[in-house]
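Work through the exercises below with the sequence and the 3D structure in view, and try each task before reading its solution.

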Amino acid sequence: MEQQRKEATERLLSTQGHDNLFYSEENDGVGVGDGGLVAVSNFTSILGLSIFMAACITFGFGCAIGYSSPTQSSIMEDWGLSVAEFSLFGSILSIGSLIGAAISGKITDLFGRKLTMWILNLFYIGGWLAIAFTKAPIYIAEITTKNVRGRFTTILQLMVGWGASFMYVVGSFVHWRTLALLATIPGLLQVLLIFFIPESPRWLAKVGREKELEAALLCLRGDKADISDEAIEIKNHVESLKSSSRGGIVDIFQKKYVRPLLTVVGMMVLTNLGGINAFAYYSGAIFVSAGISSMVGLITLAATQTVVGILGTTIIDKLGRRPLLLVSSAGLCFSSFLTGVSFFLKDFNWWDQGSPILAFIGLLMYMGSYALGGGLPWLLVSELFPINVKGSAGSICNFMGNSTGWVVGYYFNLLTEWSSAGIFFTFSAFCCANFILIATMVPETKGRTLEEIQASITPSSD
């Protein structure tokens, strides 16, 4: 099979007049040179610009996530808000995400990934509510090659963590109004940069713009790269999907998509029920409740997220998705339990000196575990589902995840008045259920093209 692929590539090169291009087994592609092979890099300046643009989106999303944590006390004081009213304010991002989830899939399928990100970013600048419309992880997965797809897609999750960390650190020193103005900067950068990046080649194939598809691939892979095999594979895969497509959102409910859909929806629901929005939105208040300085806690939390996020980005394409997901979910389970223990001891005035330390370790471990693999379900959405149902799958996952996320974000402050320890033990139970789901249902996808993954997960026969 490999020999046939090599011969086919060499024939294509010779017929297209690329006399200085050669097939390279070491680089799974084409080399350039006179008498020797030089690898064509998988990374080009346009690809880097595209990734940076998408990173601006997710950095802004992280800013939105982390905004309420350092500003809770000052906003409640300035606006005279009750706990219930601030809970609504803190969870408003999930409401915006729910609105976006209802229509985002159709918008991205109709207008493309690039145009959708640009239009809806204007809403982000205005008020943050439409930030969840964007499909940055899907876009990055569709423009990168198989050997770096995981790394570049997880950069987006890293940027979410950095955005939240930026809010934690800067929000400890500036007024909440100033912080809100600073949060618009990533959106302004994205509006400018998006004019210089290409559309997703797979979306171009879906809408029949084949010449633009090849131009986009050349732009992303480099002018001297051979894109013939990749272009043919994308076109053939899209054509096969069109022949079996029933049209509209109903496609996602075919039998062959049931298992991957239930898997990723289950992961997102359980992750949100596991308390990520509570930890992200109200970590400052949690630190104070545990008897720890909010400023010290948030700055340390920011550093932890940064270090662990970088670690996850560097090892994902080496270790794979499953190991990181399993370690992440196990860490979330244990750290939630540890935080619950600290509040249990505090409630009964047991070990007054040690319980704040347990809470501090628990919060750092929780956010570090999430930074390691919490965003990987979105990578799986982009990998497991083919182009004809990817938008619908993303909308369903977004809607279900944010529905449960809003419940946690809104009711957390109210439930802590019932039992602080009890709510963290409940989070731990949901994280444990997520670990079991990942261990039994999630496939490994590293090192394969999107078309190979989707062919193995969703065979053509119903």
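**Exercise 1. Find the residue on which the kink in helix α15 is centred, and decide how covered this helix is.**

Solution. Helix α15 covers residues 276-289, and its kink of about 80° is centred on Tyr282; the bend at a residue is the angle between axes fitted to the seven residues ending there and the seven starting there. Helices (H or I, at least four residues) and strands (E, at least two) are DSSP runs, numbered from the N terminus. This is a predicted model, in which local features need pLDDT of at least 70 and side-chain atom pairs count only at pLDDT 80 or more, while totals for chains, interfaces and linings use all residues. Residues are numbered from 1 along each chain as its sequence is written, and side-chain values use heavy atoms, with hydrogens and water left out.

Next, consider the cover: 11 of the 14 residues of α15 are buried, where buried means under 20% relative accessible area, exposed over 50%, and partly exposed in between (1.4 Å probe, protein chains only). Among these buried residues are Phe279, Tyr281, Tyr282 and Phe287. Just after the helix, Gly291 takes a positive phi of about 90°.

**Exercise 2. Classify the ring pair of Tyr281 and Tyr282, and then the pair of Phe344 and Phe348.**

Solution. A pair of aromatic rings is described by the distance of the centres and the angle of the planes. Rings of Phe, Tyr and Trp (its six-membered ring) pair if their centres lie within 6.5 Å; planes under 30 degrees apart count as stacked, over 60 as edge-to-face and the rest as tilted. The whole structure holds 17 aromatic pairs. For Tyr281 and Tyr282 the centres are 6.0 Å apart and the planes stand at 85°, so this pair is edge-to-face. Phe344 and Phe348, with 5.0 Å from centre to centre and 50° between the planes, form a tilted pair.

Now compare the surroundings. Tyr281 and Tyr282 are both buried, whereas Phe344 is partly exposed because its relative accessibility is 34%, and Phe348 is partly exposed because its value is 45%.

**Exercise 3. Follow Phe427 from its aromatic cluster into the largest nonpolar core.**

Solution. Then turn to the core, a set of buried Ala, Val, Leu, Ile, Met, Phe, Trp, Tyr and Cys residues joined through side-chain atoms within 4.5 Å. The largest such core has 59 residues, and Phe427 is one of those that touch the most other members, along with Ile252, Met367, Phe385, Phe412 and Phe424. Finally, leaving aside neighbours within four places in sequence, the contacts of Phe427 (heavy atoms within 4.5 Å) include Leu273, Gly275, Phe279 and Phe412. A second, separate core of 27 residues includes Ala55, Phe59, Tyr139 and Val170.

**Exercise 4. Locate Asn349 and state whether it is buried or exposed.**

Solution. Asn349 is found in the loop between α17 (321-347) and α18 (355-373). With a relative accessible area of 59%, Asn349 is exposed. Its phi is positive, about 55°, although Asn349 is not a glycine. Most residues other than glycine have a negative phi.
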